[in-house]
Amino acid sequence: MIDWILFWDAAPYLVRGALATLYITALSTLLSMALGLLLAVARMSRRPWLRVPAIAYIDFMRGVPLLVLLLFIYFALPPTIGIDLSPFAAGIIGLGTCGAAYTAEIFRGGIMSVPHGQIEAAQSLGMGYWKTMRIVVLPQALRVSVPALTNEWITLLKDSSLVSVIGMEELVRRGQFVISRTFDAFTPLLLVALIYLVLTYGSSFILNRLEKRLSYD
Amino acid sequence: MIEVQGLTKAFGHLEVLRSIDFKVDKGQVVAIIGSSGSGKSTVLRCINRLEKADGGCVLLKGENVLDKHYSLTRLRQQIGMVFQQFNLFPHMTALENVIAGLVHVQHASKAEATERGFELLARVGLKDKADVRPGKLSGGQQQRVAIARALATNPDVIMFDEPTSALDPETIGEVLEVMRAVAADGMTMLVVSHEMEFTRELADWIVFMDEGVVVESGPPSQVIDNPKMERTRAFVRKLASSHAAVDIPEPSGEGQPPHAATTGS
């Protein structure tokens, strides 16, 4: 059962691990949003040389398990192309490039939800493609995408635990350290689970508030 | 101002426009009438190239705007457009909608644009709604904002694509009132409309279209009151009977929406 002394002893150590978890999730989310936006626009392009690679990328990333992708990026890629990747960098790249595939589809849905009349109105004012996108389409598409992006953030927050297998010292990795030092699995894992709950619940609370503030009717 | 010559357009096998010719002089109000599916809206959409015409040309101040070397941005700054469904930007306030073209296309300073925006909102009687988003406005109010938006960039011509067709009957009057004021200011207007009385009162010239051709054109006194062609006669008769019950409000005070349509006896 719960070892309360261990619980309070390990808590600060694990909370610092949770900060690392938040940090890598935030960075990979930034990467996945930026890349996802580009992919979404490319995926909807009329030009096949933009569209086809975007579709291939999305299908590939959604089809390969994230764990395999992370192992590949950390263990297989660096020696092959002769670079050196830290677990941190490999983790961000893996989470970000994989998340980008899902985020791209979220953005694509958001962009398609904007009525065509909006685009025509923007063009009638003299706006070109990019201006129409930036000023009229994306602000509306992003609002529509917020609930799905909240989901994606939570998924990424939990999936970031996978980077423990390549040695990134985040919440789960630290939990494992505590287990191996104390031979007690129950208390540290309970604590780890609780911290994830607080993180996910807190994020959805904040993001739901944001969603309400962004809605305009 | 605008001269449409031999304009053709097909969607697949369907020939929507088969050689359309007409012109709009500076300061004139030209109305295109005809039953739905006659290609009226397509004419407007081909003029500002929202739709790509298959053939013919559209001369704007003597230059063919359908030429692919004619800049789209330049074309669209000269021709404003008001849509049936308003198409206001829902994430912007009424004021931001009005000045969107000024700020983002003509790169006017924020202060300058805001001043002009308030002036235009006052002109359509909605100055007090400047900070309200379209979702909170009635259809008639939204369309008035859309007219202010079309006016903002100082176009040479404004095209109205069935501006009152999506409105509740009680808000049609306020939109027509604003259009009447815009016409009185000397704006060149090309209007696709079903409002027969309004068209008769305001239009200098009427183009009656059916099945992709101009059947008859002339002043309202001819096309509406004394049509030469059988097809025109049939259309006018049909429209007159369906619109017999609609009251067209009298012009009221400046900038104020009329109340004729909403106030009873």
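Two strands pair if DSSP finds at least two bridges between them, and strands themselves (E, at least two residues), like helices (H or I, at least four), are DSSP runs numbered from the N terminus. What you see is a predicted model, in which local features need pLDDT of at least 70, side-chain atom pairs count only at pLDDT 80 or more, and totals for chains, interfaces and linings use all residues. Residues are numbered from 1 along each chain as its sequence is written, while chains are lettered from A and ligands numbered from 1 in the order in which they are written.

Strand 6 (residues 79-82) of chain B pairs with strand 7 of chain B in the parallel sense over four bridges. Strand 7 also pairs with strand 8 (residues 188-192) of chain B, again in the parallel sense, over five bridges; here B:Val157 stands opposite B:Thr188. To get from strand 7 to strand 8, the chain passes through helix 6 (residues 169-184) of chain B, and this β-α-β crossover is right-handed. That term means that, with the strands pointing away from the viewer, the path from the first strand over the helix to the second runs clockwise.

How many residues of strand 7 (residues 157-161) of chain B are buried? Five of its five are, where buried means that 20 or more other C-beta atoms, placed from the backbone, lie within 10 Å of a residue's own; 12 or fewer make it exposed, and anything in between partly exposed. In a regular strand the side chains alternate between the two faces of the sheet. In strand 7 of chain B both faces are covered, with B:Val157, B:Met159 and B:Asp161 on one side and B:Ile158 and B:Phe160 on the other.

For a contrast in setting, turn to B:Gln5, in strand 1 (residues 2-11) of chain B. B:Gln5 counts as partly exposed because it has 16 C-beta neighbours inside 10 Å. Leaving aside neighbours within four places in sequence, B:Gln5 is in contact (C-beta atoms, placed from the backbone, within 7 Å) with B:Asp21, B:Gly56, B:Cys57 and B:Leu59.

Now step back to the whole chain. Chain B has nine helices and 10 strands, and 48% of its 265 residues count as buried. Its radius of gyration, taken over C-alpha atoms, is 18 Å, which agrees with the value near 18 Å that a compact globule of 265 residues would have. The globule rule is 2.2 Å times the number of residues to the power 0.38.

Next comes the meeting of the two chains. The contact takes 19 residues from chain B and 18 residues from chain A. On the side of chain B that touches chain A, the elements giving two or more residues are helix 2 (72-78) and helix 3 (94-104) of chain B. Helix 3 of chain B is largely enclosed by the rest of the structure, because eight of its 11 residues are buried. Those buried residues pack against helix 6 (129-159) of chain A together with helix 4 (110-123) and helix 5 (139-152) of chain B.

Finally, a word on confidence. Chain B averages a pLDDT, the predictor's confidence in each residue from 0 to 100, of 88. Over residues 245-265 of chain B, however, pLDDT stays under 50. For the complex, the predictor gives an ipTM of 0.86 and a pTM of 0.85.

Key
Contact = placed C-beta atoms within 7 Å.
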